[in-house]
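Have the viewer open and follow along.

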Amino acid sequence: MSKPVVLIAEELSPATVDALGPDFEVRSVDGTDRPALLAALAEANAILVRSATKVDAEAIAAAPVLKVVARAGVGLDNVDIKAATTAGVMVVNAPTSNIISAAELTVGHILSLARHIPAAHAALAQGQWKRSAYTGTELYEKTVGIIGLGRIGALITARLQAFGVNVIAYDPYVTSARAQQLGVTLVTLDELLEQSDFITIHMPKTPETTGMISDEQLAKMKSTAYIVNVARGGLIDEDALHRALTGGVIAGAGLDVFVSEPPKDSPLLALPNVIVTPHLGASTDEAQEKAGVSVAKSVRLALSGELVPDAVNVAGGIIDPYVRPGIPLIEKLGQVFSGLASSPVTSIDVVVKGELADYDVSVLKLAALKGVFTNVVSESVSYVNAPLLAEQRGVTVRLITDPVSEEYRNVITLSGALSDGSQISVSGTLTGTKQIEKIVEINGYDVEVPFAKHLVVMLYTDRPGIVAVYGKEFGEAGVNIAGMQIARHEAGGAALSVLTIDSPAPEGLLDALAKAIEADVMQEIDITES
């Protein structure tokens with residue numbers, strides 16, 4: 001039998017080829033040469049890329065025997081995950097390959113800001129001896145605020161504590177027990193902004209976090225404070241940051257990422273109190289080698305039909321065809337679950353009822369956790385690191401099966417406890433010959449709502465005129481309501497309304513609406529497709 005063909009489309013470390021081993025025929029192609037790439041894909045079972053090769057729908061269509069696309073790095077902007085999933089092609093990356101490099105770069109930015117190292121170097125290189133012009137500040141006994149206490153945030157904490165700093169953090173999905181283990185004090189975002197001498201942000205980029213640091217937040221910082229972003233461009237509003245830096249609102253900033261890269265004509269580049277680097281978070285020899293070796297191992301697993309640790313669209317391994325449609329359903333349920341959580345999650349039960357209980361549904365537990373953490377942690381979430389993320393946050397997880405499902409052929413429920421003592425649950429099922437994904441229960445209220453990109457969940461006291469109020473508010477804001485369902489236990493009691501809307505709610509709309517209808521819950525949840 002001929003060996004499976006692994007196509008390497010960009011320069012990777014020799015260790016990557018070594019990690020593949022002798023069981024594959026390794027071929028090389030210049031991934032930026034489009035005709036050559038498409039021709040080479042005709043016989044490829046796997047392709048390894050970095051960031052320059054575009055594996056889009058056209059490329060996937062040109063690869064009839066392709067089983068896996070491996071990105072030797074974290075970002076997947078150059079891979080069409082939806083097209084790959086539709087074609088049954090697994091996509092893998094190396095989500096942990098750069099975490100140490102990113103953490104160290106963050107510390108480097110903080111030190112450079114504190115001691116004006118780049119500016120001092122530039123002056124001295126030009127023959128200028130300006131010692132007094134570059135008087136800095138010690139990190140000792142200063143307060144460092146970390147926004148997002150995931151794996152990179154934890155690594156930064158460990159490194160900075162050696163400087164004798166006080167570390168505080170804002171992360172609504174981290175329990176106080178986990179923070180205590182790290183030696184970190186959890187605070188609100190406003191408290192972090194007001195107390196910190198240095199702030200570093202490590203959040204995922206979602207509709208909710210884009211621009212999360214803007215004029216209002218920057219105004220709450222000390223005038224002597226510095227802010228660093230090596231995570232995702234756009235988490236800090238760049239126009240607001242420019243105003244804060246030129247107006248003396250804050251002392252300086254360190255940026256490795258930008259909304260548009262490269263940041264051509266950005267006014268931030270010309271400011272003397274800004275330190276910039278060209279997206280170097282993963283640019284170390286060690287990170288590149290780790291990335292290559294990691295995805296090479298994933299390719300080996302994928303082509304042998306085993307569970308793949310860092311698959312981002314399918315879990316790999318032997319999954320019964322009857323179980324597989326439940327994977328994207330439960331991932332979406334996980335996103336709804338975390339969107340409804342008002343405080344850190346402490347426990348999760350994944351309950352599978354119906355005919356599915358007769359199958360191996362362990363992958364659904366992994367998919368549930370992947371969904372729960374997808375939009376709440378800064379790192380990429382896969383089927384294997386999701387349990388680790390839960391463990392790091394002190395979240396206990398159980399998988400429960402029951403062959404009896406009273407209302408639906410199969411129903412999957414995520415229920416859990418929060419640190420404030422409250423409980424939440426969300427259930428879903430697949431209906432009809434087209435296997436439509438639907439939400440069928442939220443916190444004990446029976447609904448039947450198809451999934452949409454934008455969901456709004458409201459809980460309020462049932463009384464006449466409420467629908468007219470929010471219908472009017474959404475209409476005046478130019479937001480179309482595509483679907484709606486209201487559930488209640490009794491007239492005049494609490495009512496739960498679930499809306500699907502065609503576009504995100506403008507900033508401030510939901511807060512105003514919550515006041516207008518005196519809602520106990522008013523939450524928009526944006527669903528990210530895997």
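## A helix tucked inside

Helix 14 is largely enclosed by the rest of the structure, because 10 of its 13 residues are buried. Here buried means under 20% relative accessible area, exposed means over 50%, and partly exposed is in between, with a 1.4 Å probe and protein chains only. Helices (H or I, at least four residues) and strands (E, at least two) are DSSP runs, numbered from the N terminus. The buried set consists of Val363, Leu364, Leu366, Ala367, Ala368, Leu369, Lys370, Gly371, Val372 and Phe373.

The helix covers residues 362–374 and reaches 19 Å from its first C-alpha to its last, close to the expected 18 Å at 1.5 Å a residue. That expected span is 1.5 Å times one less than the number of residues.

## What kind of model this is

This is a predicted model, in which local features need pLDDT of at least 70 and side-chain atom pairs count only at pLDDT 80 or more, while totals for chains, interfaces and linings use all residues. Residues are numbered from 1 along each chain as its sequence is written, and side-chain values use heavy atoms, with hydrogens and water left out.

Two strands count as paired if DSSP finds at least two bridges between them; strand 1 (residues 5–8) and strand 3 (residues 46–49) pair in the parallel sense over three bridges. Look for valine 6, which stands opposite alanine 46 in strand 3.

Strand 7 (residues 166–170) pairs with strand 8 in the parallel sense over two bridges, and alanine 169 stands opposite leucine 186 in strand 8.

## Salt bridges

Side chains of opposite charge can pair when their charged atoms come close. The cut-off puts a side-chain nitrogen of Lys or Arg within 4 Å of a carboxyl oxygen of Asp or Glu, and a search of the whole structure finds 16 salt bridges. Among them is aspartate 23 with arginine 300, at 3.3 Å from N to O. That pair links distant parts of the chain, 277 residues apart: aspartate 23 is in the loop between helix 1 (14–20) and strand 2, and arginine 300 is in helix 12. Aspartate 23 is partly exposed at 42% relative accessible area, and arginine 300 is partly exposed at 30%.

Lysine 332 and glutamate 437 meet at 3.1 Å, N to O. Lysine 332 is in helix 13 and glutamate 437 in strand 17 (residues 436–442), 105 residues apart, and both residues are buried. Lysine 438 bridges to glutamate 448, with the closest N and O atoms 3.0 Å apart. Lysine 438 belongs to strand 17 and glutamate 448 to strand 18 (residues 445–450), 10 residues apart. Lysine 438 counts as buried at 17% relative accessibility, whereas glutamate 448 is partly exposed at 35%. Glu25, Arg27 and Glu43 are linked in a network of salt bridges.

## Aromatic pairs

Rings of Phe, Tyr and Trp (its six-membered ring) pair if their centres lie within 6.5 Å; planes under 30 degrees apart are stacked, over 60 edge-to-face, and the rest tilted. The count by this rule is three aromatic pairs. One of them joins tyrosine 322 and tyrosine 359, a tilted pair at 5.0 Å centre to centre with 35 degrees between the planes. Tyrosine 322 lies in the loop between helix 12 and helix 13 (326–340) and tyrosine 359 in the loop between strand 13 (345–354) and helix 14, so the pair ties together parts 37 residues apart in sequence.
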